[in-house]
Amino acid sequence: MDFGLSDDQTLLQTSLSRVLNVAAPLARVRRFAEDETDKASDVWDALASLGLPGLVIAPARGGMGLGLLDAALAAECLGRHVAPIPFAATSVMVPLALQDAGTTAQCARWLPSLAEGACTAGLAVSEHTGAKEDAGVRYIDGRLCGRALFVLDFAADVFLVADESARLYLVERDAAGLEARSLVSIDRSRRLGELLFRAVPAVCLPGSENPLVLQRTLDRGRVLLAADTLGAAQHMLDAAVSYAGTRQQFGRVIGSFQAVKHLCAEMAAALEPCRALLWYAAHSLDLEATDAHITACHTKAHMAEVGKFVAKTATEVHGGVGFTDLLGLHYWFKRIGLNRQWLGSPERLRHEAARAQGYA
Amino acid sequence: MDLSFGSRYATFRESVRSFLALHGASAPAVPPDLRALPTLRWQQRLLEHGYAGRAIPTRYGGYGATPDILETRIIAEEFAEAQVFPGLSGQGIMMLVPTLIEFGTEAQREQFIAPTLRGDLIWCQGYSEPNAGSDLASLTTRAVLVGDEWVINGQKIWTSTAHLADWMFCLVRTELTSPKHLGISFLLLEMSTPGIEVRPLVTMTGDASFNEVFLTDVRIPATQIVGGRGEGWKIANALLSHERGMLGNPNVTLQRFNALVDLFRQETIDGRRLIDDPVWRERLLKLQGRMLALRCNDLRVLSGRLNDRSAPLAAMLVKLEGTELRHEVEGLAIDALGELGVLYRGSPLLRDQGLWQQHHMYFLGLIIGGGTSQIQKNIIAERGLGMPREPKLAAG
Ligand SMILES: Cc1cc2nc3c(=O)[nH]c(=O)nc-3n(C[C@H](O)[C@H](O)[C@H](O)COP(=O)(O)OP(=O)(O)OC[C@H]3O[C@@H](n4cnc5c(N)ncnc54)[C@H](O)[C@@H]3O)c2cc1C
């Protein structure tokens with residue numbers, strides 16, 4: 001019985017961080033942010049050499065067969081480095097949905113190349129976490145029609161798309177009738193966009209008849225986005241503590257002012273329990289525990305609240321320079337901002353947790 | 001992570017449930033009368049089944065189980081679900097027993113642990129003084145060794161349950177020439193010793209739950225010291241971590257949260273149940289998310305202690321976050337009840353004997369007691385995050 005990380009898991013985080021320090025320093029993230037055609041394939045290749053794209057894919061399909069907890073730990077590292085690469089959808093949510101609900105042929109077609117990092121997959125499911133505008137996808141006579149907003153890992157070669165009845169379909173980016181349109185968000189470290197379907201031929205994952213497949217896919221994504229926020233918020237707190245230890249005003253370092261210390265203590269006290277919460281949520285999904293869905297909803301909602309608080313407070317501790325582009329702290333602030341809205345806002349997720357417990 | 005909720009735990013959970021089904025009705029109501037026979041009988045039953053004193057060795061009257069965090073969690077969850085009183089948890093059981101196990105002599109362990117676990121000995125904690133609160137190490141109550149007796153003079157204040165207690169563990173200054181933190185010793189006094197006067201202080205809840213304790217030429221045997229002379233501060237700090245863990249215990253908060261859900265299901269406003277109102281439900285769920293995070297944090301801290309993988313920051317924040325959360329859980333019931341929420345003891349229409357108000361106030365006290373929230377933040381910043389210490393204004 002042990003509530004904590006294994007040596008292998010700690011090692012996974014250390015190796016990822018080591019690679020990210022070299023491959024994705026802030027200067028690299030800035031270049032990605034400023035150039036829409038940049039696919040950051042150098043960063044992707046560096047991480048693919050560690051096996052990141054195939055982390056959770058079955059060994060028989062060329063992956064490492066690890067669990068969601070391992071994936072969450074990886075996501076935490078990516079958030080900490082505001083890494084400009086796709087992950088949640090392409091490396092975890094889509095492959096696991098394929099393994100859960102795809103045919104052998106579908107798995108054989110996609111999993112090995114996803115595991116290798118030779119192609120990437122996006123996920124278009126946002127209509128199930130709050131449909132905006134007229135968005136929604138219908139499946140009629142073998143074809144998809146409609147619109148899917150806020151696609152995860154948007155710069156992908158293939159998309160997994162949910163229709164109105166929660167069934168999942170595979171659609172390749174160059175399919176006839178599919179239009180992919182970029183959206184510009186505050187977070188420039190990841191691509192965001194929408195898909196327009198004009199009678200696009202699509203194949204269903206047969207197992208997704210069971211609506212639990214989509215729910216489980218969403219829950220995995222929620223835990224991964226929460227992990228990304230944990231990493232990003234931890235970076236902001238570390239940056240605040242470190243800055244407060246060197247910046248001098250009134251003849252002393254600002255970190256010796258109690259007002260500044262207490263801001264940092266409040267951030268740490270709010271953030272540290274999220275780590276245990278996240279491990280528990282990821283592990284519960286791995287075990288398919290009965291409370292896994294409720295826990296995933298709560299974890300993302302709570303992490304979003306704490307992330308928002310840390311993002312604001314850590315910026316404040318930096319004073320004016322925290323507000324500048326020069327320092328670049330805003331990349332983390334914005335990453336946390338997008339994670340908060342994706343796959344369900346905190347209010348919506350709490351409502352879902354309430355429903356799952358019979359409170360609503 | 002290894003939380004394999006395997007069949008062993010399913011069986012264990014079943015055994016807790018059947019215990020509760022069989023015996024739960026004989027548990028005292030919360031808060032229990034500490035001296036009443038039903039309370040003591042219930043405590044005895046819990047000890048026999050390993051739901052109290054679970055990891056304390058049998059030779060000291062405990063159950064002698066190997067510590068297992070999942071079992072601990074299951075017990076807490078099931079008692080919370082059934083809303084059954086989970087046993088005595090005063091300062092004796094939560095603080096003194098672990099201290100004696102770590103620092104006491106064999107004779108002290110044999111004399112005190114078993115009766116404390118049974119609830120036969122009630123303890124109070126004599127640390128704070130009128131001029132030594134947050135700055136506890138400046139305390140001035142003095143003990144001088146005369147022959148084979150300590151002679152004690154001074155005053156303690158805010159001493160919870162001193163009016164009920166049989167014994168007090170306290171901090172006193174014994175080494176007058178040592179620096180302030182190194183001059184303090186940890187002594188055990190029997191409350192019936194001549195020279196001890198207890199004056200109750202009424203708190204905002206209306207109860208007299210803490211006291212002033214005056215000590216005038218109190219003589220106790222020289223052997224009633226725990227650890228060596230001048231080691232009191234070190235020992236007190238070791239056990240403060242137990243106190244701080246206890247004060248913010250999220251598993252106890254779970255009991256209250258479950259009661260809050262019941263309240264939300266029963267009470268109506270404009271004919272609509274509180275639970276059906278999205279605004280109140282959102283506030284409820286927000287607290288549930290925070291509680292879940294603290295309960296996971298608790299598992300991590302416990303597991304870290306058992307597996308030698310310490311998580312100092314995770315342990316340091318429990319008191320701060322846990323007491324604030326508990327205060328808010330109690331406060332949400334009051335808010336949601338509207339005018340009914342402000343009724344207090346003796347009133348018609350009173351809900352739950354006024355417990356929501358009482359606990360809401362009491363937990364404001366516990367935000368202050370055991371090291372205020374500001375002091376907790378100092379500790380987290382300085383020891384947890386390694387930030388610079390306060391510049392000292394006066395030499396001390
Ligand atoms: C319900 C309750 C039960 C208690 N039970 C016991 C008991 O059983 N035994 C016992 O010995 N004591 C007990 N206490 C006492 C408790 O430990 C003290 O009240 C507490 O440590 C604060 O000390 P003080 O009351 O002297 O306040 P002070 O130390 O005077 O604090 C007043 C205010 O100043 C702030 N402050 C003080 N120093 C600093 C600093 N360095 N930085 C920032 N802010 C600061 C505090 O945070 C607080 O807001 C209890 C208290 C309460 C409320």
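Domain bounds in this report come from an automatic or database domain assignment. For chain B that assignment gives domain 1 (7-88), domain 2 (123-231) and domain 3 (248-384), and the centres of domain 1 and domain 2 of chain B, taken over C-alpha atoms, are separated by 32 Å.

The model is predicted, so that local features need pLDDT of at least 70 and side-chain atom pairs count only at pLDDT 80 or more, whereas totals for chains, interfaces and linings use all residues. Residues are numbered from 1 along each chain as its sequence is written, chains are lettered from A and ligands numbered from 1 in the order in which they are written, and side-chain values use heavy atoms, with hydrogens and water left out.

## The ligand and its shell

The ligand lies between chains A and B. Domain 2 (123-231) and domain 3 (248-384) of chain B both give residues to the shell around the ligand, so it lies between these two domains. A residue is taken as near the ligand if one of its heavy atoms lies within 4 Å of it; of the 20 residues around the ligand, B:Gln125, B:Ser128, B:Ser134, B:Trp158 and B:Thr372 come nearest.

Helices (H or I, at least four residues) and strands (E, at least two) are DSSP runs, numbered from the N terminus. In chain B, the elements β3 (149-160), α11 (355-368) and α12 (373-384) each supply at least two residues of the shell. The shell residues divide into five nonpolar, 15 polar and no charged, where Ala, Val, Leu, Ile, Met, Phe, Trp, Tyr, Cys and Pro count as nonpolar, Asp, Glu, Lys and Arg as charged, and the others, Gly among them, as polar.

A polar contact is a pair of N or O atoms within 3.5 Å; within protein, one must be able to donate a hydrogen and the other to accept it, and residues adjacent in sequence count only if both atoms are side-chain atoms. The table lists contacts of this kind with the ligand.

| Residue | Protein atom | Ligand atom | Distance |
|---|---|---|---|
| B:Gln91 | polar side-chain atom | oxygen | 3.2 Å |
| B:Ser128 | backbone N or O atom | oxygen | 2.7 Å |
| B:Ser160 | polar side-chain atom | nitrogen | 2.8 Å |

Taken alone the ligand exposes 970 Å², of which the protein buries 69%; accessible areas come from the Shrake-Rupley method with a 1.4 Å probe, and for residues only the protein chains shown count as cover.

## Buried polar and charged side chains

Buried means under 20% relative accessible area, exposed over 50%, and partly exposed in between (1.4 Å probe, protein chains only). B:Gln108, which lies in helix α5 (residues 106-118) of chain B, counts as buried because its relative accessibility is 6%. The side chain of B:Gln108 reaches the backbone nitrogen of B:Thr105 at 2.9 Å, and a polar atom of that side chain lies 2.8 Å from the backbone oxygen of B:Ile225.

In chain A, A:Arg335 is placed in helix α10 (residues 330-341) and, at 2% relative accessibility, counts as buried. Its side chain makes a polar contact of 2.9 Å with the side chain of A:Ser189 and another, of 2.8 Å, with the side chain of A:Asp228.

## Two helices

The expected span of a helix is 1.5 Å times one less than its number of residues. Helix α7 (residues 212-244) of chain A has 33 residues and should therefore span 48 Å, and the 47 Å between its end C-alpha atoms agrees with this. Of the 33 residues of α7(A), 26 are buried, so this helix is largely enclosed by the rest of the structure.

Helix α8 (residues 278-306) of chain B, with 29 residues, reaches 42 Å from its first C-alpha to its last, close to the expected 42 Å. The N-terminal end of α8(B) is capped by B:Asp277, a side-chain oxygen of which lies 2.8 Å from the backbone nitrogen of B:Val279.

## Backbone features in loops

Just after α8(B), B:Asp308 takes a positive phi of about 60°; this residue is in the loop between α8 and α9 (312-316) of chain B and is exposed, with a relative accessible area of 75%. In chain A, A:Asp141 has a positive phi of about 50° although it is not a glycine. A:Asp141 is found in the loop between β2 (136-140) and β3 (143-151) of chain A and is exposed, with a relative accessible area of 74%.

A cis peptide bond, with omega of about -10°, joins B:Val30 and B:Pro31, and B:Pro31 is placed in the loop between α1 (7-23) and α2 (37-49) of chain B.
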